[in-house]
Amino acid sequence: MTDNAVHTSVVAPYALQLGDDALVYAQRLGEWISRGPQIEEDMALGNVGLDLLGQARVLLTRAGELDGTGRTEDELAYLRDEREFRNVHLVEQPRSDFGFEMARMLWFSAYQCGLYAALVDSSDETLSGVAVKAVKEVDYHRDHASHWVLRLGDGTAESHERMQAGLERVAPYVAELFEDDAVSVAAAAAGAGVLPSSLWPAASAYVERVVAEATLAMPAEPTWRSRGGRNGIHSRPMGYLLAEMQHIARSHPGATW
Amino acid sequence: MSEPRQPESASVATRSGERSWPLWEVFVRGKRGLSHVHVGSLHAPDAEMALRNGRDVYTRRQEGVSLWVVRASDITASSPDERDSFFDPAADKVYRHPTFYDVPEDVEYL
């Protein structure tokens, strides 16, 4: 294969899995609209979700351009089945209480901050373009989550307890984010991507600092951990999420407005 | 003479229950050199979060380069009852207006 063909075969699946993480988490965050503690928080979570959706659109479009199928962002988002999605389990877990959401957002945004900071130098122009814009967005997401973890952790007895419970429930899904899957390894070797494991030191140090300042405790090593998302193996909630996300597009194929 | 009064909306801040976050008034500076302008209000648990909520609610379309938030209960407002004594006496004092200068036509930005 030529250099160009190698690049193409490596970047397409990489853009797809990054795009799937962003798309699926955007869908979960959208569920908060009208369910937040205040309308202001509905707006904040909706904005975070829309930032992620914007990232997903560019990444999925790139994946469709490069993978030889010529699929559009919409076809990738709405017409793939569960096994074809490459997102980690963390982002597909159902919306739960606000403490859980802030714990999830803290970890995911800490991961994405490192990811996009590194992808600014990607050999793929589209990836570096997304990264330049997304770096500022995810910095704000991390800031938002951090402020809430601090307030809930260092708030009332109940908020402390529920924030701690949120961290505990998120813990088994964290390792998968930082695992060096085959697609990321190949993308990193080609200079287009980042090794997820290389993001762990900074992300975990950040989360530990926020957790300590919030008078919370880092969860003990989980007794189980999620795996398989990057291979298309998902947890039970994923099918329901896709049903809700895709049913309009599948019921009215090709509809526009 | 009536007491200086709080804006009506300040009473929301003292309501109990889950909607008990205080009310904040939000001011946005559109660009460098302009003043901060009141754009509306929102609820937030404290000043830091009020700033962030203000960013999310009022600057989604690049409306500003700077934000101020002020607790609504910290604003002392003039009363509608006092409107006449506060504002009407200014109406006939033309000498307070800079209307007696001739401005040359080619002076810009005046």
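Reader: How far does helix 5 of chain A reach from its first C-alpha to its last, and what span is expected at 1.5 Å a residue?

Author: Helix 5 of chain A, in this predicted model, covers 30 Å with its 22 residues, close to the expected 32 Å. The expected span is 1.5 Å times one less than the number of residues. Helices (H or I, at least four residues) and strands (E, at least two) are DSSP runs, numbered from the N terminus. Residues are numbered from 1 along each chain as its sequence is written, while chains are lettered from A and ligands numbered from 1 in the order in which they are written. As the model is predicted, local features need pLDDT of at least 70 and side-chain atom pairs count only at pLDDT 80 or more, whereas totals for chains, interfaces and linings use all residues.

Reader: What makes helix 5 of chain A mostly covered?

Author: Of its 22 residues, 20 are buried. A residue is buried if 20 or more other C-beta atoms lie within 10 Å of its own, exposed if 12 or fewer, and partly exposed in between, with C-beta atoms placed from the backbone.

Reader: Why is helix 5 of chain A called oblique to helix 7 of chain A?

Author: Helix 5 (residues 98-119) and helix 7 (residues 157-170) of chain A pack at about 50°, with axes 7 Å apart. Axes are lines fitted to C-alpha atoms, for helices over the stretch in contact, and angles run from 0 to 180 degrees between N-to-C directions. Angles under 35 degrees count as roughly parallel, over 145 as roughly antiparallel, 65 to 115 as roughly perpendicular and the rest as oblique. The angle of about 50° therefore makes helix 5 of chain A oblique to helix 7 of chain A.

Reader: Which residues of helix 5 and helix 7 of chain A make the contact?

Author: Among them are Phe100(A) and Trp107(A) of helix 5 and Met163(A) and Leu167(A) of helix 7. Two residues are in contact if their C-beta atoms, placed from the backbone, lie within 7 Å. By class, this contact has 8 nonpolar, 2 polar and 3 charged residues. Ala, Val, Leu, Ile, Met, Phe, Trp, Tyr, Cys and Pro count as nonpolar, Asp, Glu, Lys and Arg as charged, and the others, Gly among them, as polar.

Reader: Why are helix 5 and helix 10 of chain A oblique to each other?

Author: Their axes come within 9 Å and cross at roughly 140°, so helix 5 and helix 10 of chain A are oblique to each other. Residues in this contact include Tyr111(A) of helix 5 and Tyr206(A) of helix 10. The contact has 11 nonpolar, 1 polar and no charged residues.

Reader: What are helix 2 and helix 6 of chain A to each other, roughly parallel or roughly antiparallel?

Author: Helix 2 and helix 6 of chain A pack at about 165°, with axes 10 Å apart, and are therefore roughly antiparallel. The contact includes Asp51(A) and Arg62(A) of helix 2 with Glu137(A) and His141(A) of helix 6.

Reader: How many residues of chain A are in contact with chain B?

Author: There are 8, in contact with 12 residues of chain B. Helix 2 (39-66) and helix 6 (125-153) of chain A each give two or more residues to that side, and helix 2 gives the most, with 4.

Reader: What covers the buried residues of helix 1 of chain B?

Author: The cover includes helix 2 and helix 6 of chain A, together with strands 1, 2 and 3 of chain B. Among the buried residues of helix 1 of chain B are Met49(B) and Val57(B).
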